[in-house]
Amino acid sequence: MSNSSSNAVSLSSVRLASEPLFKFVALLAGVFLLAGISLVYLAQDLDRTEQEKNAFYVRKAVQSLEKSLAVTVQDYAFWGDAYRHLHAEVDIDWAYINQNIGPTLYDDFGFQGLFVVDDQNRTVYSVIDGKQRSEEASDWLRQPIAGIADAARAGAEAQTSVTRYINIDGAPAVIAAAAITPGTDPTVTPDNRAHSVLIFVDVLEPKKLAALGTDFGVAQLRVASHGQHSADSLVTLADDGGTLQWTPAQPGWRLLAGGLPLIGLAALLVVLMTWVILRRTTVAAQALDASIASLKRSQAALATSEARFRDVAEASSDWIWEIDAALRFTYLSERFQGVTGLSSDTWLGANIDDLLTTELGLLSQWLSIPNRRPEISVQCRYLDARGQARITRLSARTLRDGGVRGTATDVTEEVEARRRIEFLSQHDALTGLPNRTRLQAFLDGKLKAQPTVEQPLVMLCLDLDRFKPVNDLLGHAAGDRVLNEVSSRLADCVRHADLVARVGGDEFVLIVTDVSSQEEVETLCRRLIASIEMPIAIEDQEVFISASIGIAMAPHDACEATALLRYADIALYEAKSGGRNTWRFYAGDMNARIIERRRLESDLRQAIKNGELELHFQPRYRIADGQMVGAEALVRWQHPQRGQIAPDVFVPIAEESGLILALSNWVLEQACRNAANWPVQLFVSVNLSPSEFKRGNLIERIQHVLSASNIAPARLELEITEGVMLDDAAGALEIMRTLKRLGVRIALDDFGTGYSSLSYLRAFPFDGLKIDRSFLSRLDQSDSNNESDQAIIQAIVGLGRALSLTVTAEGVETADHLKLLQAVACDEGQGYYLSRPLGSDAFRALSAIAGGVDA
Ligand code: C2E
Ligand code: CA
Ligand code: CA
């Protein structure tokens, strides 16, 4: 601020200083003007004086000329000889030849005219320009001479001459005339006649005039020419002698000519100097103005930048700090308090290391790194006012005095967000369990530690059985809750050091390291399955889930992560094939089995084309009267090398490979074609895969086989499992309704093995249900609760009746089974005890007799 005011003062002083300068210049101009005027006046005066002086001298000159002429003429006129030789008689010889009064007067005195007139004023002797002529004086003089002659005679007594100024053809001339007298000569006796008169004429020719002027210090004396008359430089001669003129010396003008330029030059110099000074001053002032303006601008810019800095400092979460060479805070910006909650007053003077710590060590160590690049920042930690750890990024710039200045950006949220992103990238968003990425890293780490046979690494691949139906039936929210519940149960079963990762929808991988023997692993698996099998409460329902587990161990099976994962997966597949809800250790031959499965798949493709499939029919009987009511078509595969293969083996392969449609079409066609040859009261029951509901145009296929076989639609029953409805309940319902409109019957197969079957029965248009054979087979087990199973069968039968469904019991293997079914009034039965599945011919033969069954 002090700078700016001093500059402002200097500016105004310059401005004030230029004002007197102008006054001074004006004064100078006045002085110069006055000097000029005085000079002119002086010059004029000088000239005037000179003029007067000249005029005086001109007169003087003319007078002296006149006087000398007068004197000369007297000398010659008052002379006895002249009287004798020019008056008494005119003696030319005496006068001219002897040069007494002759050419010498012209030669010596320059008198152009010399005349002698007698008493009668007749010219008796005349010499013109030094030559004797006989010219009349009055002719030459262009005027009568009587006057001057008489005047001269009048002065005879007193011996005086007269002079006259005349003009001869424009040239002034002086005439001097004197009467010729004997003078003082006593020898001459005057006569009575009037005096003769001697006349001298001095014509003032230009040359003579100029010479005369020069003698008297007057330049270029001449006869004034007409029209050029300047009153100052004229002298008028008496009589009609004319006017003389000369060129005045004009010392005044000389003075002016010399002085004025000098004054002008001086003035010019002064003006120039003033101009230079003014210019310099102006330039200096302008420069000063400019520098002041730029100073003001830079001050404004500084103010703006200060304001900006303040705004930035206040608006951002950054705070600014400064420490001295001893690492003590010397400055903390206002935001410090706002961001940290800490008091600046408390921290000013404190050591920076007391506030901030880095992961690498003391902050002061980082600050003292030689040539530390200023743009590199360091992440620091500190405790805020509430004692919570905050993370801040520090940038620092070393100051000249050894201190450091920098900013501190709070990055706590950023770091946390990054940590969160890192967590999310490594963890499953839904369950919070580690994901495949984390699993991979964990596994790599564990395998690097080189597990041993004594301390193996155990990998469990766990897949939930029948999770998808839950998801579809109860909604994804329920499915998510089931997954979360399962996740936490799984995590509870292992130690903290172990890992439970979710690697797919309902697939988990567990890495366990504290189990050594196969027994211990099996105990763990049992625990896991038991834990998962515990009912999961979703709203007011209880959901039952189970799991299959595949196990691979390092170093026993493999020592590489990918190999372990593959083997555990193969073992899982085996476990699922082995009836689910169980576990399998990876065995070397499992791989071979999978390869075999692939081969089977390609074989099946050929089998459908080559007619290796065969359809068997298992009769179904009405329990009440033992009448055969129909038969279930069961597919068989007569493999050329392997012999007969059960549908439990190849149907899943067909389903997985997409061969199921071809297979099913063949079955439907064969079943209906056979049924067409049966007694009309018998129906044929065909199993459908859930996938057939999703893919392929089931309705058209059914219409096609019905029209192709030409059997009554009511004679075709379709057996579907609840999986159909779990996959896509709405779609299934739609298809089932259309099927019903076609007139075919629909039965729910394997009832009781699923979850919440009862709700389907009400919602879907079933004609019948088939109780899974596991209910009857359980009756045979000694440890089972016979009565409760019997009650369940009875309840199902009651339910079927209530819903007008035909209830069929499967797996009637004994007479007891049949008795029980009769007791609970089950509608129909099917089983080995009644009849095994028969070849088409055998069944046709049996159906032809259509015999009853003994109870
Ligand atoms: P499912 O629909 O439950 O068929 C009944 C199965 O129980 C048949 O086995 C039959 O042979 C067997 N069975 C009948 N009575 C008894 C008995 O008293 N005791 C015992 N233990 N079993 C009895 P199969 O023929 O091996 O068929 C197995 C499964 O293969 C069937 O179960 C069915 O789900 C499927 N399947 C069979 N044929 C076809 C078919 O053409 N299409 C489709 N999609 N699946 C089929
Ligand atoms: Ca069936
Ligand atoms: Ca069945």
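Arginine 745 lies over the face of phenylalanine 683, at 5.6 Å from the ring centre. A charge counts as sitting over a ring if NZ of Lys or CZ of Arg is within 6 Å of the ring centre and within 35 degrees of the ring normal. A second case is arginine 836, which lies over the face of tyrosine 832, at 3.7 Å from the ring centre.

Before I go on, a word on the model. It is a predicted model, in which local features need pLDDT of at least 70 and side-chain atom pairs count only at pLDDT 80 or more, while totals for chains, interfaces and linings use all residues. Residues are numbered from 1 along each chain as its sequence is written, chains are lettered from A and ligands numbered from 1 in the order in which they are written, and side-chain values use heavy atoms, with hydrogens and water left out.

Tyrosine 832 brings us to ligand 1. Which residues come nearest to ligand 1? Of the 20 residues around it, they are Gln618, Arg636, Arg773, Glu813 and Tyr832; a residue is near a molecule if one of its heavy atoms lies within 4 Å of it.

Now the polar contacts, meaning pairs of N or O atoms within 3.5 Å; within protein, one atom must be able to donate a hydrogen and the other to accept it, and residues adjacent in sequence count only if both atoms are side-chain atoms. A backbone N or O atom of tyrosine 832 is 2.7 Å from an oxygen atom of ligand 1. For valine 635, a backbone N or O atom lies 3.1 Å from a nitrogen atom of the ligand. Asparagine 687 uses an N or O atom in its side chain, 3.1 Å from an oxygen atom of ligand 1. Taken alone, ligand 1 exposes 780 Å², and the protein buries 86% of that; these accessible areas come from the Shrake-Rupley method with a 1.4 Å probe, and for residues only the protein chains shown count as cover.

Where does the shell come from? β24 (628–639), α20 (647–657) and β28 (745–751) each supply at least two of its residues, and β24 gives the most, with 4 residues. Helices (H or I, at least four residues) and strands (E, at least two) are DSSP runs, numbered from the N terminus.

Next, aromatic rings. How many aromatic pairs does a search of the whole structure find? It finds 14. Rings of Phe, Tyr and Trp (its six-membered ring) pair if their centres lie within 6.5 Å; planes under 30 degrees apart count as stacked, over 60 as edge-to-face and the rest as tilted. Phenylalanine 56 and tyrosine 57 make an edge-to-face pair, 5.4 Å centre to centre, with 70° between the planes. Tyr76, Trp79, Trp94, Phe109, Phe111 and Phe200 form one aromatic cluster.

Last, some backbone geometry. Most residues other than glycine have a negative phi, and most peptide bonds are trans. A cis peptide bond joins alanine 554 and proline 555, with omega about 5°. Proline 555 is in the loop between β21 (546–554) and α18 (561–577).

Asparagine 710 has a positive phi, near 60°, and lies in the loop between α23 (698–709) and β27 (716–720). Is asparagine 710 buried or exposed? Asparagine 710 counts as exposed because its relative accessible area is 68%; buried means under 20%, exposed over 50% and partly exposed in between (1.4 Å probe, protein chains only).
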